[in-house]
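Colleague: I would like to go through this model with you, beginning with a single residue and its surroundings. Could you take me through it?

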Amino acid sequence: MSPARDQNKMKIQIISLFPQMFEKVLNASMLWKAQKAGLVEYKLINLRDFGLGPRKQVDDAPYGGGDGMVLRPEPLVAAIEAAKLKAKSQKPKVVLMSPSGVMFDQAKARELAKLDEMILVCGRYEGYDERVSEFVDEQVSIGNYVLTGGELPAMVVIDAVTRLIPGVLGGETSALNESFSQPSVLEHPHYTRPEEFRGLKVPEVLLSGDHAKISNWRRQNQKRLQK
Ligand code: 4FV
């Protein structure tokens with residue numbers, strides 16, 4: 001692969017206690033094609049490899065008591081520093097998936113897609129030792145609910161970001177005039193064959209070939225975000 005091409009390939013490293021969860025998702029459809037096209041590289045890092053002692057411990061009981069376990073700082077920070085050593089640039093952005101992070105949305109996806117690399121960190125158990133936040137650039141949440149791990153949130157971010165990498169989606173334009181390209185506006189309704197389904201017809205204007213009328217209809221019928 002030409003150095004130039006390799007240079008503008010986005011590198012996404014993922015630190016997780018369950019890297020196998022990503023295999024199916026990263027090696028299917030768009031994400032797989034994007035890798036094959038040399039537009040993105042995913043690197044899975046197993047947090048267990050940075051565990052402490054013979055039992056490769058990565059978690060411990062919470063100081064001050066309470067249920068569940070907490071991820072220890074040493075393995076996480078060691079994994080982050082190892083990922084930085086494998087990074088292309090000096091200061092790759094480190095993003096911690098956390099329910100207390102900034103809310104992920106299309107604008108954040110566009111912002112991250114401009115990077116040439118990032119390191120995503122996935123939590124487990126009750127969460128991270130708070131001191132880990134000193135070693136990350138940003139915390140991102142995919143929603144106000146608590147999951148069993150940060151893997152699914154990381155997959156959401158990877159999918160939303162990868163499809164915005166120039167060349168990943170078919171028509172160059174498609175990422176630009178799609179949903180959320182303007183805040184609070186969703187896309188227009190989509191129709192395809194058959195022209196009539198169970199008595200439900202495709203709007204005539206879409207069969208007219210009159211592109212001015214069609215884009216006008218689409219603008220009139222854009223869906224608005226539920227507040
Ligand atoms: C989450 C979210 C999330 C919290 C405890 C993992 C879990 C467990 N991450 N957006 N919502 N994480 O629920 O990003 O460690």
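Predicted model: local features only at pLDDT ≥ 70, side-chain atom pairs only at ≥ 80, totals over all residues.

Colleague: Where is the place of Ile15 in the secondary structure?

Modeller: Ile15 is in strand S1, which covers residues 10-16.

Colleague: Is Ile15 buried or exposed?

Modeller: Ile15 is buried, because its relative accessible area is 0%, and buried means under 20%.

Colleague: You listed Leu120 among the contacts of Ile15. How many residues apart along the chain are Ile15 and Leu120, and what separates their C-alpha atoms?

Modeller: They are 105 residues apart along the chain, and their C-alpha atoms are separated by 6.2 Å.

Colleague: What about contacts in the protein between residues at least 6 apart in sequence?

Modeller: Of those contacts, 75% join residues at least 24 apart.

Colleague: Let us turn to the overall picture. How many helices and strands does the protein have?

Modeller: There are seven helices and nine strands. The protein has 227 residues, of which 40% count as buried.

Colleague: Now the ligand. Which residues around the ligand come nearest?

Modeller: The ligand has 17 residues around it, and those that come nearest are Arg124, Tyr125, Ile142, Tyr145 and Leu147.

Colleague: Which polar backbone atoms are involved, say for Arg124 and Tyr145?

Modeller: For Arg124, a polar backbone atom is 3.1 Å from an oxygen atom of the ligand. For Tyr145, a polar backbone atom is 2.9 Å from a nitrogen atom of the ligand.

Colleague: And Leu147, what lies 2.8 Å from its backbone N or O atom?

Modeller: An oxygen atom of the ligand lies at that distance from the Leu147 backbone atom. As for cover, the ligand has 370 Å² of accessible area on its own, and the protein covers 96% of that.

Colleague: Which pocket is the space taken by the ligand?

Modeller: The ligand takes up the space of the largest pocket.

Technical notes: Residues numbered from 1 in each chain as written. Heavy atoms only, no water. Helix = DSSP H or I, 4+ residues; strand = E, 2+ residues; numbered from the N terminus. Buried < 20%, exposed > 50% of the residue type's maximum accessible area, 1.4 Å probe, protein only. Contact = heavy atoms within 4.5 Å. Near = heavy atom within 4 Å. Polar contact = N/O pair within 3.5 Å; in protein donor to acceptor, adjacent residues only side chain to side chain. Areas by Shrake-Rupley, 256 points an atom, 1.4 Å probe, with all protein chains shown as cover. 1 Å grid on protein atoms, 1.4 Å probe; cavity = no way out; pocket = protein on both sides within 12 Å on 5 of 7 lines; lining within 4 Å. Sits in = over half its atoms within 2 Å of the grid points. Lists of a residue's contacts leave out its neighbours within four places in sequence.
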